[in-house]
Amino acid sequence: MNLWTIVLVASLGVFAVKLVGYLVPASILATPRPTRIANLLTVAMLAALVAVQTLGAGESIVLDARIPAVVLAAGLFALRVPYILVVLVAGVVAALLRNFGLMA
Amino acid sequence: MALSLETKNALRAGIAVGTATAAYGFSFGALSVAAGLSVWQTCVLSLFMFSGGSQFAVVGILASGGVSAGPAAIATSTFLGLRNGIYSLRMAPLLRGGWLTRIAAAQLTIDESTAVALNQKALHAQRVGFWATGIAVYVGWNLTTLLGALVGNLLGDVSKLGLDAVAAAAFVGLLWPRLRQLQASVVAGVAAVIATILIPLSPPGIPVLAAAVVAVIVGLTNWFHRPDAINQPDDSTDPGDVMGMHLSEGKQ
């Protein structure tokens, strides 16, 4: 599987899911349970992605400058600081900590 | 043609949300080229996949696992996109039309367009809200994706010093507005713990997929649901808070 195949198949998968709702009668799936599962899937996988992106390095756990950056980002999001500012701050904090040799 | 006040408001909301989400596109473009995708591949993701969470997931998993994590990246982005299918079920009765309309509507069915549409009362304003938001986000997202990819390419190694933290913070930003209910917060916490435990035990991409089991179990059993919650119920089809608008505040 090369990068292009991954990009195209993944795109097709996401589009197919969007299209299904316009092709089937709403009564089939628009009940609380499938809706709840779809919403919780989003939450579970985003949370797992936060964990993996913050702590993972290939197949090992690495504690480094990402941790203070992510904690700071969460605090800034809670204060409703605009998104682009928060991710910039997170990147700059991690880069500074590494540049001055304070953290890996 | 004179527009009613409600239609004008829907149009304005759509453009405001589109402008706000454009910032996301820039960070996606930069992260995508840093993960090893070409500028073209990055743009194709925004043009065809067009769902922020799924796009960030593909890029994040490929960044950590490379091409061999491809199947996990495809599965994760599709699972993350399932909520869009629920939105399209909700939007379908409002957007009747032929094949072309349905295909265009499907592609534009995302958190933002659904949220703006469902925030309007009159049917006409709902339609205007959906299309205006969908088109504004589509145009802005794709333009800023290209810009972010080009700037990311230019910066090269300089930006990589903190880019992994940017990726992690980007996912925090996508997750944050979804944590207003106890049930969602519990699922997020358990999913993060399971994924962390699995990092050293499984190939890249698998920890995130495995965390989906938590959502399925809690979704089926409806554990941790508080029926007396002041906010919308957990099983609502309303996307709630999205970038650039705070629906829950507006409704109170």
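Predicted model: local features only at pLDDT ≥ 70, side-chain atom pairs only at ≥ 80, totals over all residues.
What covers the buried residues of H10(B)?

Residues are numbered from 1 along each chain as its sequence is written, and chains are lettered from A and ligands numbered from 1 in the order in which they are written.

**View 1. Helix H10(B) and its cover.** The cover includes helix H3 (32–55) of chain A, along with H3, H4 and H9 of chain B. Helices here are DSSP runs (H or I, at least four residues), numbered from the N terminus. Among the buried residues of H10(B) are Ile206(B), Leu209(B), Val214(B) and Val218(B); buried means that 20 or more other C-beta atoms, placed from the backbone, lie within 10 Å of the residue's own. Just past the helix, look for Asn222(B), with a positive phi of about 60°.

**View 2. The side of chain B that touches chain A.** Here 86 residues of chain B are in contact with 69 residues of chain A, contact being C-beta atoms, placed from the backbone, within 7 Å. H4(B) gives the largest share of this side, 18 residues.

**View 3. Tyr24(B) in helix H1.** Tyr24(B) sits in H1 (residues 5–34) of chain B. Tyr24(B) counts as buried because 26 other C-beta atoms lie within 10 Å. Its C-alpha is 21 Å from that of Ala117(B), 93 residues apart along the chain.

Notes:
Helix = DSSP H or I, 4+ residues; strand = E, 2+ residues; numbered from the N terminus. Buried ≥ 20, exposed ≤ 12 C-beta atoms within 10 Å, placed from the backbone. Contact = placed C-beta atoms within 7 Å.
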